[in-house]
Amino acid sequence: AYSRDSLKSAIENLNAEARDTAAFGTDALKGLQKLEENSVDCVVTDPPYGVEFESHHDSGTHDYGIDGEEYADLMDATFAELERVCKENAHLYIFFATKHFDEVTTIAEEYFDVTYTPLMWVKNNGSPTRSKDGFEKIYAHYYEPILFCRMSKGDERTIAPEGEQRSNVLEYARPKPRDRYHDSQKPRELLRHLIENS
């Protein structure tokens, strides 16, 4: 748990250690607008798709305060900026909630070449639920989809040496609560795998 001052200090320390143009504690859309056109090789993004999100734990986390229409507007604005800043052969990886598959792909295909079979991140444990039915009546979420997109010449960029295959099923353990900066933080190893492939 961070106080306002200690959080500000933590963000400043992370920024000081960040390589290239990484920035912590920055509004991503505003940050994208500051980037040069045609300057990004690869994007891995995890938009706030927790529509009506409530923390699964009694941690005092607030919900994300975004409804379906705001979500679509945010995706459209973000994808437009990503199209602007990405190189013509860039790859993009977009984490999303399964229930938003149609919406995310419809918006994404306005800007990118979309691979319609998503990658599947398989977690080592299921996401808890606050459903009144609990796990007695619903299945636990043990995977999360990732939409793989390319810019217009993205097929020029390979994901594996010739003759090798890359599975669309990716098994990585969720970060332990003590290692998270954010409730929906993704494993560094998973992000590294995607970036290195592209």
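Helices (H or I, at least four residues) and strands (E, at least two) are DSSP runs, numbered from the N terminus. The model is predicted, and local features need pLDDT of at least 70, side-chain atom pairs count only at pLDDT 80 or more, while totals for chains, interfaces and linings use all residues. Residues are numbered from 1 along each chain as its sequence is written, and side-chain values use heavy atoms, with hydrogens and water left out.

**Figure 1. Overview of the chain.** The chain has five helices and five strands. From the N terminus on, these elements run α-α-β-α-β-α-β-β-β-α. Of the 198 residues, 32% are buried; buried means under 20% relative accessible area, exposed over 50%, and partly exposed in between (1.4 Å probe, protein chains only). Among contacts (heavy atoms within 4.5 Å) with a separation of 6 or more, residues 24 or more positions apart account for 74%.

**Figure 2. The aromatic pair Phe 79 and Phe 112.** Rings of Phe, Tyr and Trp (its six-membered ring) pair if their centres lie within 6.5 Å; planes under 30 degrees apart count as stacked, over 60 as edge-to-face and the rest as tilted. A search of the whole structure finds five aromatic pairs. In one of them, the ring centres of Phe 79 and Phe 112 are 5.6 Å apart and the planes are at 65°, so this pair is edge-to-face. Phe 79 belongs to helix α3 (residues 68-85), whereas Phe 112 is in the loop between α4 (101-108) and β3 (113-127); the pair links distant parts of the chain, 33 residues apart. Both Phe 79 and Phe 112 are buried. Together with Tyr 111, Phe 79 and Phe 112 form one aromatic cluster.

Figure 3. Phe 96 and Phe 101 form a tilted aromatic pair, 5.9 Å centre to centre with 40° between the planes. Phe 96 is buried at 1% relative accessibility, and Phe 101 is partly exposed, with a relative accessible area of 25%. The charged end of Lys 186 sits over the ring of Phe 95, 5.2 Å from its centre. A charge sits over a ring if NZ of Lys or CZ of Arg is within 6 Å of the ring centre and within 35 degrees of the ring normal.

Figure 4. A disulfide is a pair of cysteine sulfur atoms within 2.5 Å, and the count comes to zero. For Cys 86, the nearest cysteine sulfur is that of Cys 42, 8.5 Å away. Cys 86 is buried, with a relative accessible area of 4%. The sulfur of Cys 149 is 10.0 Å from the closest cysteine sulfur, in Cys 86, which is too far for a bond. Cys 149 is buried too, with a relative accessible area of 0%.

Figure 5. The buried residues of helix α5 (residues 188-197) are Leu 190, Leu 194 and Asn 197. Seen down the axis of α5, the buried residues fall within an arc of 70°, so they line one face of the helix; the arc is that of the directions from the helix axis to the C-beta atoms. An α-helix has 3.6 residues a turn, so residues three or four places apart point the same way. Arg 188 and Glu 196 are exposed residues on the face of α5 turned away from its buried side.
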